[in-house]
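Hi everyone, thanks for coming.

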Amino acid sequence: LVPSAPSSLITMHNAVDFLQKGEFVLPQVKKEQQLQLQGRVSAEATVVVTPTQLLRQAQLDKLEARFTQFRVMDRPERLRPSDWDNVCAAFVTGALWQFDHFFSKSPAQVFARMRGFHLTYRDDRPDAEVSKWMVKRLTIDKQAELRHRDKQVAQEFWQELYRYLRTAPRFQR
């Protein structure tokens with residue numbers, strides 16, 4: 001799950017670029033590019049991402065990757081109760097309202113059942129609220145000349161997600 005908040009660094013507009021290609025582009029910039037290309041702005045309801053452009057097969061084997069395709073969405077209210085068993089990760093902004101349509105409004109309960117991530121700028125102070133949760137902080141640089149590090153951060157996301165999947169009993173089926 002990715003946030004739908006316009007202030008989030010990751011949304012449906014840039015999730016594929018970042019998670020699949022390791023290229024961070026501000027969501028607002030992606031929206032503007034889409035508007036210029038298509039004459040309208042629309043984000044898909046769900047997209048499928050795969051880590052295979054960022055991680056070599058040997059890395060995936062070492063991580064014991066059983067899954068290589070992941071559905072990304074930003075509308076948790078569209079999930080049925082049984083769908084929550086398949087949700088393995090969520091990016092958070094730090095706002096508690098983000099959990100309004102989750103299976104629980106308690107971040108502690110949410111992150112006991114899935115891996116949490118918080119994408120933020122390296123120079124920003126850690127969010128006080130997010131620091132209380134079991135969430136992995138991923139940091140990117142604001143400066144364009146340091147954008148080459150984005151790929152490493154995306155790889156870090158996949159490595160952490162696979163570590164979680166390897167230890168979470170419900171994904172051992």
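A word on confidence to begin: pLDDT is the predictor's confidence in each residue, on a scale from 0 to 100. What you see is a predicted model, where local features need pLDDT of at least 70 and side-chain atom pairs count only at pLDDT 80 or more, while totals for chains, interfaces and linings use all residues. Residues are numbered from 1 along each chain as its sequence is written, and side-chain values use heavy atoms, with hydrogens and water left out.

The protein has a mean pLDDT of 92, and 96% of its residues reach 70 or more. Helices (H or I, at least four residues) and strands (E, at least two) are DSSP runs, numbered from the N terminus. Among these elements, helix α2, residues 27-38, has the lowest mean pLDDT, 80, and β3 has the highest, 98.

Now to the inside. A nonpolar core is a set of buried Ala, Val, Leu, Ile, Met, Phe, Trp, Tyr and Cys residues joined through side-chain atoms within 4.5 Å; buried means under 20% relative accessible area, exposed over 50%, and partly exposed in between, with a 1.4 Å probe and protein chains only. The largest such core has 34 residues, and those touching the most other members are Phe18, Leu19, Phe91, Leu119, Trp158 and Leu161. Which element gives the largest share of this core? That is α5, with eight residues. There is also a second, separate core of 15 residues, which includes Trp84, Val87, Ala90 and Trp133.

Let's zoom in on Leu119. Counting contact as heavy atoms within 4.5 Å, and leaving out residues up to four places away in sequence, Leu119 touches Leu9, Ile10, Phe18, Phe24, Phe91, Leu138, Ile140 and Val153.

Next, please find methionine 114, in the loop between α4 (107-113) and β4. Is methionine 114 buried or exposed? Methionine 114 counts as buried because its relative accessibility is 1%.

For contrast, look at glutamate 64, in the loop between α3 (57-62) and β2. At 52% relative accessibility, glutamate 64 counts as exposed. Most residues other than glycine have a negative phi. Glutamate 64, though not a glycine, has a positive phi of about 55°.
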